[in-house]
Each structure stands twice: as structure tokens, then as C-alpha cells.
Amino acid sequence: MFLRSILAAVGAAVCLTLQACGGVSAAEVQPQAQASCTPQSFESWVGGDKINVVDFTATTGGAASPFRFRLKINTLQAAPGDGYFGPITTGTMTFSYPRQNNPEVPYNAATPFPANYMQGPAFGEKVVFQAREIACNVFELHWKEGNKGDTVTHVEDFNRQQLCTNITNINRVPIPAAFDPFDLTKQMNNRELFPAGSPVASDQFPFFPLCGTMSQSRESERVWEDRLHYLVYTAP
């Protein structure tokens with residue numbers, strides 16, 4: 001019962017999060033989804049030759065913002081369900097971070113924003129993802145970036161082509177061996193273990209919530225490369 005209560009609360013939070021993206025209220029969405037939504041699998045939205053372009057520019061500076069991402073699902077396979085929400089899909093995905101390709105300028109960390117995000121060779125990462133169906137054509141997608149060091153969670157609503165995400169940067173503070181999350185005297189508020197205070201409560205463990213839009217295209221159409229004029233990272 002406790003776990004079901006937690007999951008119910010998570011579901012409610014998802015509805016509120018999607019509402020914050022500019023959509024209708026959760027009370028309005030539910031009847032509409034039940035009445036008119038035709039469910040599709042996660043594979044049908046992003047599998048095969050499809051590319052999912054995620055765009056956060058409207059809330060991060062407009063046309064000058066670099067915050068567009070190209071997500072390419074490489075493999076998909078069903079995972080055993082756990083009885084909560086809908087089916088689970090796992091696999092590998094390659095994300096590309098936007099870098100301009102006309103002309104390509106060497107990366108320089110000292111250049112002012114947004115140039116330091118947009119210049120240099122294409123980069124990204126191949127990651128293992130898990131997608132969980134939480135409503136009709138709405139999926140919770142998460143992955144960990146072993147190279148870049150981020151943990152990312154998306155709630156992707158393909159009915160409205162909207163999403164919200166939370167990106168948590170890696171904690172760069174070493175964790176002492178004496179740390180014990182279940183011992184009240186040895187948690188991150190222990191000043192002997194963490195003299196500078198809890199790294200999770202400081203900007204050494206930042207997180208970034210963003211909302212934006214999505215669009216799908218065929219990889220063969222080269223929308224990312226030719227229309228958006230960005231370099232594409234190809235995973236090894």
C-alpha cells in the first residue's frame with residue numbers, strides 16, 4: 001500500500017509538471033485521454049529511422065539558445081512489467097548536443113554563452129535508457145550519462161509533443177567510507193564527514209528543470225544537419 005501511495009503521488013506530480021509546460025489541467029486531460037486517445041507504443045513513436053528533436057529554446061533564450069537535442073533510439077526491447085503504470089521498454093540511445101556546422105569553429109570554454117555551447121566538434125553520448133508508459137502516449141524516459149556525468153529524466157507527452165525534464169549533474173565531492181544513508185549520525189549533514197556541508201544541498205550537486213517541445217523526423221531527411229545546421233554526434 002505504501003508503494004502504491006508513492007506511485008499515485010508521482011502520477012499526480014507528472015500531471016502538474018505537464019501542466020506547467022503550458023498545457024491544460026490534469027482534470028481536463030484525463031477525460032480527453034480516456035475518450036479520444038489512441039495508444040501507441042514507445043517504439044512506434046521513436047523507433048526505426050525516426051529522430052526525436054527536443055527543443056528547449058523557447059524558455060532558455062529564444063532563437064539564440066543552444067538548447068536543442070537530437071535523440072536517436074538505436075535498440076529497443078520490452079522489459080518485464082512490474083504491475084505499475086504501463087509497459088517498460090529498454091535499449092540504447094544516442095543523444096547529440098547542438099554544435100554549429102557553418103562554419104565549424106574550434107571549441108573554446110572561455111568564449112561567452114552561447115558560443116561555448118555551440119562551437120566545436122559534435123559531441124554526445126550513447127546511453128542505456130528505460131522508458132515507462134505512464135499514460136496514453138505519455139512516457140517517462142530516463143538514463144545516466146557515464147561520460148558527461150548527468151542523470152536525466154524526461155516526461156514525454158507525444159499527444160501534445162511536449163516534455164519536461166530534470167537534469168541532475170554528477171556529485172563531484174568524494175563520499176567518505178563512513179557515510180551511511182540509514183544512520184542518522186552519518187548522513188550528509190554530518191560536518192565531520194562533510195566539512196563544507198551536504199554536497200547535495202549545495203551547487204556542487206545542481207539540477208536543472210526544463211520544459212519544451214518535441215518533433216519527429218526521419219534520419220534520412222537530415223533535418224538536424226541541413227535545416228537546423230548542426231553537427232551530429234555518431235556513437236561508436
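Trainee: Why is Cys136 counted as buried?
Mentor: Buried means under 20% relative accessible area. Cys136 has 18% relative accessibility, so Cys136 counts as buried. Keep in mind that this is a predicted model.

Trainee: And what makes Cys37 buried or exposed?
Mentor: Cys37 has 19% relative accessibility, which is under the 20% cut-off, so Cys37 counts as buried.

Trainee: How do you know that Cys37 and Cys136 form a disulfide?
Mentor: Look at the sulfurs: the S to S distance is 1.9 Å. The rule asks for cysteine sulfur atoms within 2.5 Å, so the pair passes. By that rule the count comes to two disulfides.

Trainee: Which parts of the chain does the link of Cys37 and Cys136 tie together?
Mentor: Cys37 is in the loop between α2 (26-36) and α3 (42-46), while Cys136 is in the loop between β4 and β5 (138-144), so the pair ties together parts 99 residues apart in sequence. As for handedness, the link is left-handed, with -80° about the S-S bond.

Trainee: What makes Cys164 and Cys211 a disulfide?
Mentor: Their sulfur atoms are 2.1 Å apart. That is within 2.5 Å, so this pair qualifies as well. The link of Cys164 and Cys211 is right-handed, with 100° about the S-S bond. Cys164 sits in strand β7 (residues 162-169) and Cys211 in strand β8 (residues 207-218), so parts that are 47 residues apart in sequence are tied together.

Trainee: Why is Cys211 called partly exposed?
Mentor: Cys211 has a relative accessible area of 22%. Partly exposed runs between the buried limit of 20% and the exposed limit of 50%, so Cys211 belongs there.

Trainee: On to charged pairs. Why is the contact of Asp55 and Arg68 called a salt bridge?
Mentor: Their side chains meet at 3.5 Å, N to O. The cut-off is within 4 Å, so the pair counts. Asp55 lies in strand β1 (residues 50-55) and Arg68 in strand β2 (residues 68-79), so the bridge ties together parts that are 13 residues apart in sequence.

Trainee: What makes Arg222 and Glu225 a salt bridge?
Mentor: Here the N to O distance is 3.9 Å, within the 4 Å limit, so the pair counts. Arg222 is partly exposed, with a relative accessible area of 40%, and Glu225 is buried at 14%.

Trainee: Which residues are joined into one network?
Mentor: Arg70, Lys72 and Glu219 are, through salt bridges that share partners. The structure holds nine salt bridges.

Definitions and conventions: Residues numbered from 1 in each chain as written. Predicted model: local features only at pLDDT ≥ 70, side-chain atom pairs only at ≥ 80, totals over all residues. Heavy atoms only, no water. Helix = DSSP H or I, 4+ residues; strand = E, 2+ residues; numbered from the N terminus. Buried < 20%, exposed > 50% of the residue type's maximum accessible area, 1.4 Å probe, protein only.
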